[in-house]
Structure formats: structure tokens, C-alpha cells
Amino acid sequence: MQNRTSDVQTAGAVHEHLDLERYPLEQPRRCQSLIDRCLEELATLGLCSLPGFVRPATIARAAEELLPLVHEQSFFHSRLHNIYFTDTPSHIAADHPALALQETSGRTVCDDQITWSIIHDLYEWPPLRGFLARIMGKPRLHLMEDPLARVNVMGYRAGEGLGWHFDRSEFTTTLLIQAPQGGGHLEYRPDLAQDDLDGVASLLEGRDAAKRTHVQQAGTLSVFRGRNTAHRVIPVVGETDRLVAVFSYFDRPGVVFSAAERQGFYGRAA
């Protein structure tokens, strides 16, 4: 396991690495205008973002430290799947355009591999959890208790990306650690019900004018409605990997994956 660098030695130092003048998460009263803005963006755009949330030097150091793990100790996965990541539902014809195959390939690093990192510390930082709960309309958010799944760092090289899908969680929280030279953008379609087969087909066939593109810079924190927002990461172009952290929070305590789910997502059960 790598040693933590001197400037990120404790979770208590997390605030030193964030732009808390622009995003005063530790000060609820000052933060209200930011919360209002995020609530409006989630309602109208289906996504809100905090560009420059993590300071440039910190996010660059995080990318430098995490890249060796992504290249050498990650779980590589590549598969064809439909937008639901399931076998063909019995009530949908197998040739329905809503079930067009998508391609996903990339690398995953688990939380138990990065407990020394600023990414892990930020995930556990209480003010972030409190802020996210307020913009998600939740009385409280809990850390996931699964030691592998709490925070994942996803890496995508040239030609790799994430196919169209829906998330299982109501909201999805990500932090872009490193942007690629080209491609790697998030494309998403908010307010699309999973059982709206005609709507899903329209999206997959490129006929949906409501599809949006979210272009991020390293250090951007983003939140979107994952369950009813179809989304994908278009394939990366160039020699620079796309690195993104995915934070998993829940409105109830004690959430863990089953051994089978861990094996499928991470190639190991523990």
C-alpha cells in the first residue's frame, strides 16, 4: 500500500484542499445560495456541478498517485449489455430497439486500495455528506459499509467508455480526477423513466433532442439523478486516461453488496 503524502495526512485536513470560499460547505448559512442553485439545476437540468471544488494542485497530485493503481492493480472489465444491465426482460421483445447492445470497458480500483488518499478522506468528510443530503432532499446520508464499494476510482484509456445505462441509486455523486485529451464526456438524458421503452429507443437511436452533454474539468464534483437519468461516458480519445471517483451514499445505514455482486463488479468477493 502506498504511503500518504505529507499534505494529505488526516481527514481533518480535507478542507485545506477544497475551494471553500467558493463552496462554503462548512458554513450552512453561507452555503444556502449554493444549495438553492444546485436544487434548481437538479430540477431543470437533472445535474448540478461544482467546478474547481478540489483545488488544482490537490487533484493533480491525486491523479499522479492513483494512476499506478489504475494501471497495475485495477480490475479490468469489458462487456456488452443492454441499457438495463440485465438479461432481456420477459415483457420486452428481444429485438426491441430499447434493448440495443451497449459496450462498456474500463478499470476499477476499490476503496480498500485507497484508504490513504484524499479521495477516501473526502468521501468520509461530514460536511460533504451534509451538503449532499440537503440538495438530495434527504434528512441524512450514510456512508456505505461495503469496504470495496464505498468509493470506486474508474479509469478509462483510449477507446474505453461506459455504455448507456441507468443507475440503481436515486442520485449519483462523482469527482473528476483527470480529464482525457479527448472524448470521455458524460452524456445523459434526464427525466427518462426506465419503463418508457419508446423514449429509451429514441435516445439509443440518436433521435432524442433532450440528451445533454456534461463537459468537466479535473476537480469538478457532480451530482445527478442516476435512477431516472440514462447516461454514458463516450469513449476516451488520446493518451491521457479519464479518472473519476464514484461516491456511494445511502439514506439508510448498513448497505453492503453481496459476495456475488462484489465478484461481478470487482473480480473478488473480499
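Student: Which residue in β10 is the bridge partner of Leu186?

Tutor: In this predicted model, Leu186 has His214 as its bridge partner in β10.

Student: In what sense do β9 and β10 pair, and over how many bridges?

Tutor: β9, residues 186-189, pairs with β10 in the antiparallel sense, over three bridges.

Student: What's the order of the four strands in the open sheet?

Tutor: The order is β6-β12-β9-β10, with antiparallel pairing.

Student: Which strands stand at the edges?

Tutor: β6 (162-165) and β10 (212-214). Each has a single partner strand, so one side of each lacks a neighbour in the sheet.

Student: By what angle are neighbouring strands turned against each other, on average?

Tutor: By 15° on average, with direction ignored.

Student: New topic, confidence. What's the mean pLDDT of the chain?

Tutor: The mean is 93, and 95% of the residues reach 70 or more.

Student: Where does pLDDT stay under 50?

Tutor: Over residues 1-11. For that stretch the model has 22 contacts beyond four places in sequence.

Student: What is Phe131 in contact with, leaving aside its neighbours within four places in sequence?

Tutor: Phe131 is in contact with Leu25, Cys31, Leu34, Ile35, Cys38 and Leu50.

Student: Now charges. How many salt bridges does the structure hold?

Tutor: The structure holds 13. One of the salt bridges joins Arg37 and Glu41, with the closest N and O atoms 3.2 Å apart.

Student: How are Arg37 and Glu41 placed in helix α1?

Tutor: They are four residues apart in α1 (residues 32-44), so about one helical turn separates them. Arg37 counts as partly exposed because its relative accessibility is 27%.

Student: Which residue does Arg150 form a salt bridge with?

Tutor: With Glu124, where the closest N and O atoms are 3.0 Å apart. Arg150 lies in the loop between β4 (142-143) and β5 (151-156), whereas Glu124 is in helix α3 (residues 118-124), so the pair ties together parts 26 residues apart in sequence.

Student: Is Arg150 buried or exposed?

Tutor: Arg150 counts as buried, at 12% relative accessibility.

Student: Which residues are linked with Arg150 in a network of salt bridges?

Tutor: Asp111 and Glu124 are linked with Arg150 in that network.

Student: And which side chain meets Arg168 in a salt bridge?

Tutor: Glu261, at 3.0 Å from N to O. This pair links distant parts of the chain, 93 residues apart: Arg168 is in the loop between β6 and β7 (172-178), and Glu261 is in helix α6 (residues 259-266).

Student: What does Arg168 count as by relative accessibility?

Tutor: Arg168 counts as exposed, at 54%. Glu261 counts as partly exposed, at 25% relative accessibility.

Definitions and conventions
Residues numbered from 1 in each chain as written. Predicted model: local features only at pLDDT ≥ 70, side-chain atom pairs only at ≥ 80, totals over all residues. Heavy atoms only, no water. Contact = heavy atoms within 4.5 Å. Pairing = 2+ DSSP bridges. Helix = DSSP H or I, 4+ residues; strand = E, 2+ residues; numbered from the N terminus. Axes fitted to C-alpha atoms, helices over the stretch in contact; angles between N-to-C directions. pLDDT = per-residue confidence, 0-100. Salt bridge = Lys/Arg side-chain N within 4 Å of Asp/Glu carboxyl O. Buried < 20%, exposed > 50% of the residue type's maximum accessible area, 1.4 Å probe, protein only.
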